[in-house]
Amino acid sequence: PPTETPTVFVVVTNAQGTELSICDRYEWGADVDVNIPDNTEMTPGQEFTKTWRIKNIGACTWGAGYKLVYAGYTVDLKGKGDAIPVPVQPGQVIDVTVQFTAPNEPGEYVSAWTIQNDKGYTLFGNDNKPLYVKILVK
């Protein structure tokens, strides 16, 4: 008689302890910061666009409903994320961007961003960390 091959289902856990399927994973490499490297100096109120390069390392295509969302740190540097272009195939590398306006007060500001899937779960990349931008307002 034919022998059935068992289905292997891998489960990963995001930073909130939510179990996600292998469909919901991304990573980045050394070229993650397409622009605006850490500690870039900005003038008060300066507008800028931050772009990160990420890779879908999950087993499934990202479809409608996947988006880049604010993941914390400085409220003064919250920004507005662009929609994730869909579909994003497994293994595909994409650039994701956020529009920012630097705060008016001098200081160091960090803003974290990550992917949210179509079910509303936030995903994290390398070592369960979000993407981030860090600027210095002079």
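This is a predicted model: local features need pLDDT of at least 70, side-chain atom pairs count only at pLDDT 80 or more; totals for chains, interfaces and linings use all residues.
Trainee: Where is Asn117, then?

Mentor: Asn117 is in the loop between β9 (107-116) and β10 (122-123). Strands here are DSSP runs of E, at least two residues long, while helices are runs of H or I with at least four; both are numbered from the N terminus. The protein has 11 strands and zero helices.

Trainee: What does the side chain of Asn117 reach?

Mentor: The backbone nitrogen of Lys119, at 2.9 Å. Further along that turn, Gly120 has a positive phi of about 90°, and five residues lie between the two strands of the β9-β10 hairpin.

Trainee: What makes β9 and β10 a pair?

Mentor: Two strands pair if DSSP finds at least two bridges between them. β9 and β10 are joined by two, running antiparallel, so by that rule they pair. Ile115 has Leu123 as its bridge partner in β10.

Trainee: Which other strands does β9 bridge to?

Mentor: Six bridges link β9 with β6 (residues 67-73), and seven link β9 with β11. Both arrangements are antiparallel. Leu68 stands opposite Ile115, and Ala112 has Tyr132 of β11 as its bridge partner.

Trainee: How covered is β9?

Mentor: Mostly: eight of its 10 residues are buried. For the protein, buried residues make up 38% of the 138.

Trainee: What makes a group of residues a nonpolar core?

Mentor: They must be buried Ala, Val, Leu, Ile, Met, Phe, Trp, Tyr or Cys, joined through side-chain atoms within 4.5 Å. The largest such core has 27 residues, and those touching the most other members include Phe48, Trp52 and Leu68. Elements giving two or more residues to this core are β5, β8 (93-101), β9 and β11 (131-137).

Trainee: Why do β3 (26-27) and β7 (80-81) count as edges?

Mentor: They belong to an open, antiparallel sheet of four strands in the order β3-β5-β8-β7. β3 and β7 each have a single partner strand, so one side of each has no neighbour in the sheet.

Methods
Residues are numbered from 1 along each chain as its sequence is written. Side-chain values use heavy atoms; hydrogens and water are left out. Buried means under 20% relative accessible area, exposed over 50%, partly exposed in between (1.4 Å probe, protein chains only). A polar contact is a pair of N or O atoms within 3.5 Å; within protein, one must be able to donate a hydrogen and the other to accept it, and residues adjacent in sequence count only if both atoms are side-chain atoms.
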